[in-house]
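Thank you all for coming. Please have a look at the model first.

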Amino acid sequence: MPRILHTADWQIGRQYNRFASDDAVAIAEARFSVVERIAQLAVDERVDVVLVAGDVFDAQMVSERTIRRLFNATQGFGGIWVMLPGNHDAALAESVWSRAVRLKAVPENVRVVLEPGVVALDELGLAVLTAPLTQRQTYQDLTEWFDTADTAPGLIRIGLAHGSVQGVLAEDIDSPNPIALDRAARANLDYLALGDWHGLKQIDERTFYSGTPEQERFKDNGAGQVLLVDLPAAGQLPLVEARSVGQFRWQQWDVELAVASDLDHLIEQVEALQGNSVLSINLRGQISLGGQQRLLEALAVAEARHRSVQCDMADLRLEPTDEDIAGLQADGYVGEVIAELRDRQRQDTSLVARDALSILAGLLRERNQEHSV
């Protein structure tokens, strides 16, 4: 029984400018290491062939070093790889693929498909029907030719394509690079391996998106996995199993702080967060000065434990309590300034008063700490 590993959307060479430089480098590096884990998984699971359904590279103009590193990462699995160009790395007349060929960087066991056709793997009992993108966007279904493709009797028919299944995916990506909803049935495919959707998604019993193997968006859509597919025989249903291979877990929290217990719960969540997380927190509501100090301390600890922790406090209002004011020992004029900043913050939606209040409170804390030494 042949076994394939289905993966897609590696996006090698992608940049992450929204993060601090050291975090951005580590997150980009994870896209190489996940390919190494895919290769090892293929060995461990005795896979016959690895199918990569497009967008291996994030852009055409990645560096020569990036090209070589990508193919080096595949060397842990000596079996057959079949790679398909997607919309990010389309098989243009001059492309990242033509550069890879000139560089002689493509290993002999990696088959890069630059034109539509059948990759016959007679020794495995498989025929892979391919629909590579030769331009970034097309409004023609490039898998249509699968319906009339001839393959040797008895071979298991697998489709490999990159695009958007019509009527199923999000409306804003439903037109470019279309794929018919019933393509597997029309073309008598035993399995249709797709790329383009970055999450794991089953279309029907024979059609799947594997998603990107390394999560890179704040979406809970099953990213960070690959699919192991057992194919009992031509005409029989595939047996599909998802396996986690991603390194970083991306999470986005939208949190409203209204009462003290809300902050307690948030800090508990941060402290319980699993390692190797990429966390984005959007806060709104209100917080006391003492609560803000507790939150900042918890975030500082988390930043040292995880890959990236970002917290947006633009919609969070500072509401100093009487205990906060007393603790700052802000008498006289300074106390009057704090009171005025507190009132201005309530009247003005800008961040100036809040930030001034936060800075002044920090300076007073430092002064009090120095005097207590």
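N276 sits in the loop between α5 (260–272) and β16 (277–287), where the names follow a rule that helices (H or I, at least four residues) and strands (E, at least two) are DSSP runs, numbered from the N terminus. Although N276 is not a glycine, its phi is positive, at about 60°. With a relative accessibility of 36%, N276 counts as partly exposed; on this scale buried means under 20% relative accessible area and exposed over 50%, with partly exposed in between, using a 1.4 Å probe and protein chains only.

Before I go on, please keep in mind that this is a predicted model, in which local features need pLDDT of at least 70 and side-chain atom pairs count only at pLDDT 80 or more, while totals for chains, interfaces and linings use all residues. Residues are numbered from 1 along each chain as its sequence is written, and side-chain values use heavy atoms, with hydrogens and water left out.

D196 also has a positive phi, near 125°, and is a residue other than glycine. You will find D196 in the loop between β10 (191–195) and β11 (201–204), and at 17% relative accessibility D196 counts as buried.

Let me now step back to the whole chain. The secondary structure comes to 9 helices and 17 strands, and of the 373 residues 52% count as buried. If we take the contacts with a separation of 6 or more, 71% of them join residues 24 or more positions apart, where contact means heavy atoms within 4.5 Å.

Now to the interior, starting with a helix. In α2, which covers residues 64–73, the residues T66, I67, L70, F71 and A73 are buried. Why do we say that the buried residues of α2 line one face of the helix? Seen down the axis of α2, they fall within an arc of 155°, so one face is what they line; the arc is that of the directions from the helix axis to the C-beta atoms.

If we leave out residues up to four places away in sequence, W81 touches W10, I38, A39, V50, V52, T74, N109, V110 and R111.

Neighbours within four places aside, D23 is in contact with R307 and S308.

On a 1 Å grid over the protein atoms alone, a cavity is a set of points where a 1.4 Å probe fits but cannot get out, and lining residues have an atom within 4 Å of a point. Grid points are joined across faces, edges and corners, and a volume is the space filled by probe spheres set on the points. How many cavities of 30 Å³ or more does this rule give? The count comes to 2.

The largest cavity has a volume of about 50 Å³, and among the residues lining it are L133, D141, H162 and I179. Both β7 (156–162) and β9 (178–179) supply at least two residues of that lining. The second largest cavity, with a volume of about 40 Å³, is lined by H198, T212, Q215, E216, R217, K219, N221 and A223.

Conventions. On a 1 Å grid over the protein atoms alone, a cavity is a set of points where a 1.4 Å probe fits but cannot get out, and a pocket is an open set with protein on both sides within 12 Å along at least five of seven lines; lining residues have an atom within 4 Å of a point.
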